[in-house]
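Let's take a friendly walk through a protein model. Have the sequence and the 3D view ready, and follow along one stop at a time.

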Amino acid sequence: MNVVTPSTRREQVAHSTERPTREAAEDAVRTLLRWAGDDPAREGLVGTPDRVVRAYEEFFAGYDLDPVVMLERTFEETDGYDEIVLLRDIRMESHCEHHMVPIIGRAHVAYLPHRRVVGISKLARVVEAYAKRLQIQEKLTAQIANTIQEVLQPRGVAVVIEAAHQCMTTRGIHKPGVTMVTSRMLGAFRDDPTTRREFLAMIGTRGTSVLGD
Ligand SMILES: [Zn+2]
């Protein structure tokens, strides 16, 4: 009889998330090539498993990045600057966790500083760290906003993502040109309609009345 103690259960969880070898990953690609109906041994496909695995290292590099560390270095010499800081139109590439196909779009990230600011490129790096993982857009949006709020502790954070999901544009319902818009507003952006309106005017959302008041 198998007795599952808490410690063996932990080992099973660890085992299920253990990273396979590169060779095992390449074998999995060969299996998918055969599943698609092709021959992994033909000339054009011989190097494909290696290329796919290397592409995955780029697509999913976010698992090795720590967004909290990125935001830890801040600057306090701001001469009292206390207006919105906005990084607009951050190109974003992610992958849908249901179909493992690209989600491509733009993120807008704003915060209202409280005594300190962060290097502006760090906001883009935080977007990247969460985007380069398997995602759904709603969670991605929330993760970016929540992390900035928790680490930087500003007076508010606003994140809007507009993106096209290839699982919807190239398969299934086949609706090219459709973008999904998600937002997460915290602090002043959530509580103060004026601040929220100012942010929305700054990013110039088109057809996203759902975000307004
Ligand atoms: Zn999908």
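This is a predicted model: local features need pLDDT of at least 70, side-chain atom pairs count only at pLDDT 80 or more; totals for chains, interfaces and linings use all residues.

In helix α2, the residues E26, V29 and L33 are the buried ones. Looking down the axis of α2, you would find these buried residues within an arc of 50°, so they line one face of the helix.

How far does α2 reach from its first C-alpha to its last? The helix covers residues 22-36, which is 15 residues, and reaches 21 Å, close to the 21 Å expected at 1.5 Å a residue.

## Salt bridges

Now for the charged side chains. A search of the whole structure turns up eight salt bridges. One of them pairs E57 with R22, with the closest N and O atoms 2.4 Å apart. This pair links distant parts of the chain, since E57 sits in helix α3 (residues 48-59) and R22 in helix α2, 35 residues apart. Both partners are partly exposed: E57 has a relative accessible area of 42%, and R22 comes to 37%.

Another salt bridge joins the side chains of D38 and R42, at 2.7 Å from N to O. Here D38 is partly exposed at 31% relative accessibility, and R42 is partly exposed at 39%.

## A tie between a loop and a strand

K132 and E93 also meet through their side chains in a salt bridge, at 3.2 Å from N to O. K132 belongs to the loop between α5 (120-131) and β5 (134-135), while E93 is in strand β2, so the pair ties together parts 39 residues apart in sequence.

Next, look for Y56, F59 and M100, which make a nonpolar surface patch of about 270 Å². M100 is in the loop between β2 (85-96) and β3 (102-112). With a relative accessible area of 40%, M100 is partly exposed.

## Cysteines

How many disulfides does a search of the whole structure find? The count is zero.

Notes. Residues are numbered from 1 along each chain as its sequence is written. Side-chain values use heavy atoms; hydrogens and water are left out. A disulfide is a pair of cysteine sulfur atoms within 2.5 Å. Patches are made of residues with over 30% relative accessible area and no salt bridge: like charges are joined within 9 Å, nonpolar side chains (Val, Leu, Ile, Met, Phe, Trp, Tyr) within 5 Å. Accessible areas come from the Shrake-Rupley method with a 1.4 Å probe; for residues, only the protein chains shown count as cover. A salt bridge is a side-chain nitrogen of Lys or Arg within 4 Å of a carboxyl oxygen of Asp or Glu. Helices (H or I, at least four residues) and strands (E, at least two) are DSSP runs, numbered from the N terminus. Buried means under 20% relative accessible area, exposed over 50%, partly exposed in between (1.4 Å probe, protein chains only). The expected span of a helix is 1.5 Å times one less than its number of residues. The arc is that of the directions from the helix axis to the C-beta atoms.
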